[in-house]
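Biologist: Please show the model, and let us then examine on what grounds each term is applied to it.

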Amino acid sequence: MSIHFEALHDRVDLLHQCCVLLNSYWRRSYDERLKKVGRSNDHFPCNLLMLDGEEFIGHVELSQVVGDEKCLRLKAVIIDPNRRGEGLGRKLLHLTEEYAKKRGFTSLCLSSENKKLFYKKCGFYETSPVQQCSSNALESKFEMLQKSVNHATSTNEVDEKMPRAEDESKIHIIPPPPPLIKSHQVSSNDEISKTCWLRKEI
Ligand SMILES: CC(C)(COP(=O)(O)OP(=O)(O)OC[C@H]1O[C@@H](n2cnc3c(N)ncnc32)[C@H](O)[C@@H]1OP(=O)(O)O)[C@@H](O)C(=O)NCCC(=O)NCCS
């Protein structure tokens, strides 16, 4: 199968890998990360996983923009460190454009601290800041999962949609948070940190 997107909320089995990848660059507690990505749903925020066949290789989070309903905001764009430099970042942005167009959006926007050149190479231009729609009314999939797991455990029920015993361990084992040394790791490709807003018409 070729490189494609799948929604995180349809691939609960990849929750753990997704948290590990995101935390490898943007450090947070594992629990906080799990809660955040667990809010993914068919509306927004929506976390998309890029897969090469069955291999998880990238991620983007999408949300709506206040006062600009045709614009989709991208966050947490990331490619697996072992697969960078192969054109997959560009591919992820291309797939995001296709996804956004199908859902009726006409532009993409994002903020970046140190990857402005990457986005400019992919057709984005500098613009003014936008405000993201709040999503706190949504119950997180993680919270729903936890409730269902607790319920199934207490009633001895087994739901086919819930992770099996071997998958459950991925959700409940919470490793200690890494030391807080930097907000993210800086590679030799990174520019000097200065938040910049970028946009692309699609
Ligand atoms: C930024 C990131 C997504 C790029 O992914 P990638 O798969 O390595 O990028 P690609 O191979 O598709 O590169 C596409 C083009 O952008 C260029 N590019 C990639 N990273 C770049 C960087 N940091 N600075 C300048 N140009 C860059 C490539 O050289 C390539 O240019 P070319 O077409 O002229 O050869 C990846 O490095 C990553 O996951 N970084 C950590 C997370 C991150 O910083 N995300 C962005 C947050 S705003």
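**Terms and their grounds**

Modeller: In helix α2 (residues 30-37), the buried residues are Arg33, Leu34 and Val37. These residues cover an arc of only 100° around the axis, which puts them on the same side of α2. This is a predicted model, in which local features need pLDDT of at least 70 and side-chain atom pairs count only at pLDDT 80 or more, while totals for chains, interfaces and linings use all residues. Residues are numbered from 1 along each chain as its sequence is written.

Biologist: What makes a residue buried or exposed?

Modeller: A residue is buried if 20 or more other C-beta atoms, placed from the backbone, lie within 10 Å of its own, exposed if 12 or fewer do, and partly exposed in between. Asp31 and Glu32, on the other side of α2, are exposed. In the protein chain, 25% of the 202 residues are buried.

Biologist: How do you know that the buried residues of α1 lie on the same side?

Modeller: The buried residues of helix α1 (residues 15-25) include Leu15, Cys18, Cys19 and Leu21. They cover an arc of only 165° around the axis, which puts them on the same side of α1. The arc is that of the directions from the helix axis to the C-beta atoms.

Biologist: What describes the packing of α1 and α2?

Modeller: α1 and α2 pack at an angle of about 115°, and their axes are 10 Å apart. Axes are lines fitted to C-alpha atoms, for helices over the stretch in contact, and angles run from 0 to 180 degrees between N-to-C directions.

Biologist: Which residues of α1 and α2 meet?

Modeller: From α1, Leu15, Cys18, Cys19, Leu22 and Asn23 meet Tyr30, Arg33, Leu34 and Val37 of α2. Two residues are in contact if their C-beta atoms, placed from the backbone, lie within 7 Å. By class, this contact has seven nonpolar, one polar and one charged residues. Ala, Val, Leu, Ile, Met, Phe, Trp, Tyr, Cys and Pro count as nonpolar, Asp, Glu, Lys and Arg as charged, and the others, Gly among them, as polar.

Biologist: How many helices and strands does the protein chain have?

Modeller: The protein chain has six helices and seven strands. Helices (H or I, at least four residues) and strands (E, at least two) are DSSP runs, numbered from the N terminus.

Biologist: Why is strand β2 called largely enclosed?

Modeller: Five of the seven residues of β2 (residues 46-52) are buried, so β2 is largely enclosed by the rest of the structure.

Biologist: What makes two strands a pair?

Modeller: Two strands pair if DSSP finds at least two bridges between them. Strand β1 (residues 3-7) and β2 have five bridges in the antiparallel sense, and β2 and strand β3 (residues 55-64) have seven, also antiparallel. Alanine 7 has leucine 48 in β2 as its bridge partner, and leucine 49 has histidine 59 in β3. In the hairpin of β2 and β3, with two residues between the strands, glycine 53 takes a positive phi near 65°.

Biologist: Why do β1 and β6 stand at the edges of the sheet?

Modeller: The open sheet of seven strands has the order β1-β2-β3-β4-β5-β7-β6, with mixed pairing. β1 and β6 (125-127) each have a single partner strand, so one side of each is left without a neighbour in the sheet. Neighbouring strands of this sheet are turned by 35° against each other on average, direction ignored.
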